Amino acid sequence: MAFSSKHRRYLSLVAAWSAGLCVFLAACGKSEQEGAPAAPEVEDRQSVGVSLLTMQHQFYQELRRGLEDAAKEAGLRLVIVSAEFDPTRQANQVDEFIVRKVAAIVVCPCDSRSVGASIVAANQAGIPVFTADIANNSSLGKVVSHIASDNVAGGKEAAKLLAAAVGGRGSVAILSHPEVASVSDRVKGFKEQIASYPEIRVAAELSAEGKRDKAVKVMEDLLQAHPDLAGAFAINDDTALGALAAIESAGKAGRIQIVGYDATPEAREKIAKRVIYGDVIQNPRRIGELTIRAIADFFAGRTPPAVIPVEVGVFTGDQRNP
Amino acid sequence: MTRVRSVVVAWLVAGRMPVILGALLITSSVLTDGRFLRIENLVNVMRQISFEGLIAFGMTFVIVTGGIDLSVGSLVALTGVAAALAMQSLAEADPAVRVAVGFATALIVGTSTGAAAGAIIARFAIPPFIATLATMLVARGAAFILCDGQPVHELPGELMWWGRGFVLEPVLGQRLPAPVLIMLASYAVLLVVFRRTVFGRRVVAVGSNEQAAYLSGIPVRATKMAVYVLTGLLCGLAGVLHDAKLMAGDPKVGEMWELNVIAAVVVGGTSLFGGRGTVTGTLIGAIIIGVLNNSLNLMEVEHFWQKVVLGLVILAASLLDAALRRLEPQ
């Protein structure tokens, strides 16, 4: 059997593909390794593995920046990966950190209950674990410190904002995401505080899964079910912006007040235009900084507190002050 | 000269999967400064692929009949949650009994859902894509409904060994994770089933030419249904093992697994048009994808670039496979 020209064309195509890919892979590897010392094993033992919930949300991009800036100052090397909401991928990432024998692991859990077994595995390998933003609520595993916003206080602030927005009366809705513990805390704080306004009623509590497209649909349904709705508390800004889109396309802009959470730049614009009333602000960068500080404390032989709450604030633009 | 060439070509064609895998292993080792080759890391890679690998063997049977099963990821979530709830409800019972009940529940739920999808496909001639799209949605929703959206985590401590433990640890050390042994055992059994049993040959016959298979007296409907039952069973097994890995029955798991599993099968050389495929190819395909994910992580390639690289490599592997197959003497 000899090569036909067709065969030869195919072989050369494949060869070109493979060669291109090797170069590409090498380039990926190189750009990450530049400037790093040559002994990777030692390097891993001095580095901190970070498994983020996602890199797609601005909140986590800010948190990451906080981690990176503080780590540079503290002289720590970070290995940052993201689980993108997949608990399985997160478990695999923690396993990989354990194999690499990193000095400490930071987890922003995809799920507060499903993260336990991974923390146990790290504990068994003698690697200290820190959680940031979302806590480990399973009965398994030991965490050195949990660094997160004071979400119950944040929920209360949101209730105060929304009460002011609707003038202390009417029915309001909660667009929640109950799978996430920090969100449950926000909703808990919100309900506690809103109960102190006798003329405000919580008409509905529905999950928009923290996603904008889902929030549009949920808000559309709410507008049908509760035509008298006066306001809504959205547990994050993606949800708030989704709800706003639904309200605007229903021609009810300005008649239903929204309070969001996080004050992303896009939400700030809407607040400046007065279509979102206001936001509770977390300080993700600060969460990152305090996480690194806790790790540095731990390495220095001190015992950081088990829970490190990070203060929240409110953002209503310059023109108003609640 | 021509003779030598044809020998080389014949060898390349027959051994194309190991060649692709070998090239990837060498590239990975070099690019990670040997970190990839450390035994702990290799054990870890095998453990990571064991869950999806298990399902990929069943998917090979499905795809060889010319079908597809989109419900596998959701089914892992559903069987995992169902097993976790069963184990949780028996809080007072002996731990060994609880674990056994967990396995039984997952396997029953997996097989029956697979049977339902298979029956719809075989009896009503609904395209497998649509039928399993339906079961995918139903199973995912059911998983969330069963546990009210909250992962079930009051599980017996003895379960953890099945997801994170090692077989014969005193003798072998931490070399053979329990889920890897289960995957390799399933591989061995299904390899024999595929190549040496009447059922295995019927699967190929149905996928090669359904009409001819029917006219030859092969029970086409029963064969089609059986492959979905098999995949459902393996999803149940993966579901309960995954409970053990996370020590929680989480309704969110298995997102996109259907595509990862199909990718492993196709990279392994099985034709999406049916009639042609191997179980061994699927094992190698799963390892290729696992190795790739792992070495990209070890190289600390940025998350979004990883997706790009993974997509390109799947494409390159398929092209290489297609090109080498074209050289095969007819």
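The pLDDT is the predictor's confidence in each residue, on a scale from 0 to 100. It matters here since this is a predicted model. Chain A has a mean pLDDT of 86, and 84% of its residues reach 70 or more. Over residues 29-42 of chain A, however, the pLDDT is below 50, and this stretch has 9 contacts in the model beyond near neighbours in sequence. Where pLDDT is low, the predicted coordinates should not be read in detail.

We turn next to the overall plan of the chain. Chain A contains 11 helices and 12 strands. Of its 322 residues, 51% are buried. When contacts in chain A between residues at least 6 apart in sequence are considered, 73% of them join residues at least 24 apart.

Chain A is divided into two parts, domain 1 (41-143) and domain 2 (151-281). The C-alpha centres of these two domains of chain A lie 31 Å apart. Where the domains touch, domain 1 of chain A supplies 8 residues and domain 2 of chain A supplies 6 residues. On the domain 1 side of this contact there are 3 nonpolar, 3 polar and 2 charged residues.

The interior may be considered next. In soluble globular proteins, nonpolar side chains tend to be buried together. The largest nonpolar core in this model has 196 residues, and those with the most contacts inside it are Leu175(A) and Ala243(A). Helix 12 (residues 220-246) of chain B gives the most to this core, contributing 15 residues. Domain 1 and domain 2 of chain A both give residues to the core as well, so it lies between them. Helix 9 is mostly covered, with 10 of its 13 residues buried. After helix 9 of chain A comes Gly251(A), with a positive phi near 70 degrees.

Helix 6 of chain A may be examined in the same way. At 1.5 Å a residue, the 15 residues of helix 6 (residues 151-165) of chain A should span 21 Å, and this agrees with the 21 Å between its end C-alpha atoms. Because 13 of its 15 residues are buried, helix 6 of chain A is largely enclosed by the rest of the structure. Just after this helix, Gly167(A) takes a positive phi of about 70 degrees.

Is Val310(A) buried or exposed? It counts as buried because it has 21 C-beta neighbours inside 10 Å, and the cut-off for a buried residue is 20 or more. Val310(A) and Ile147(A) are 163 residues apart in sequence, yet their C-alpha atoms are 7.1 Å apart in space. Leaving aside neighbours within four places in sequence, the contacts of Val310(A) include Ile147(A), Asp150(A), Arg286(A) and Leu290(A).

Terms used: Residues numbered from 1 in each chain as written. Chains lettered and ligands numbered in written order. Predicted model: local features only at pLDDT ≥ 70, side-chain atom pairs only at ≥ 80, totals over all residues. Core = buried A, V, L, I, M, F, W, Y, C linked by C-beta atoms within 7 Å. Buried ≥ 20, exposed ≤ 12 C-beta atoms within 10 Å, placed from the backbone. Helix = DSSP H or I, 4+ residues; strand = E, 2+ residues; numbered from the N terminus. Domains from an automatic or database assignment. Expected span 1.5 Å × (residues − 1). Contact = placed C-beta atoms within 7 Å. Nonpolar A, V, L, I, M, F, W, Y, C, P; charged D, E, K, R; others polar.
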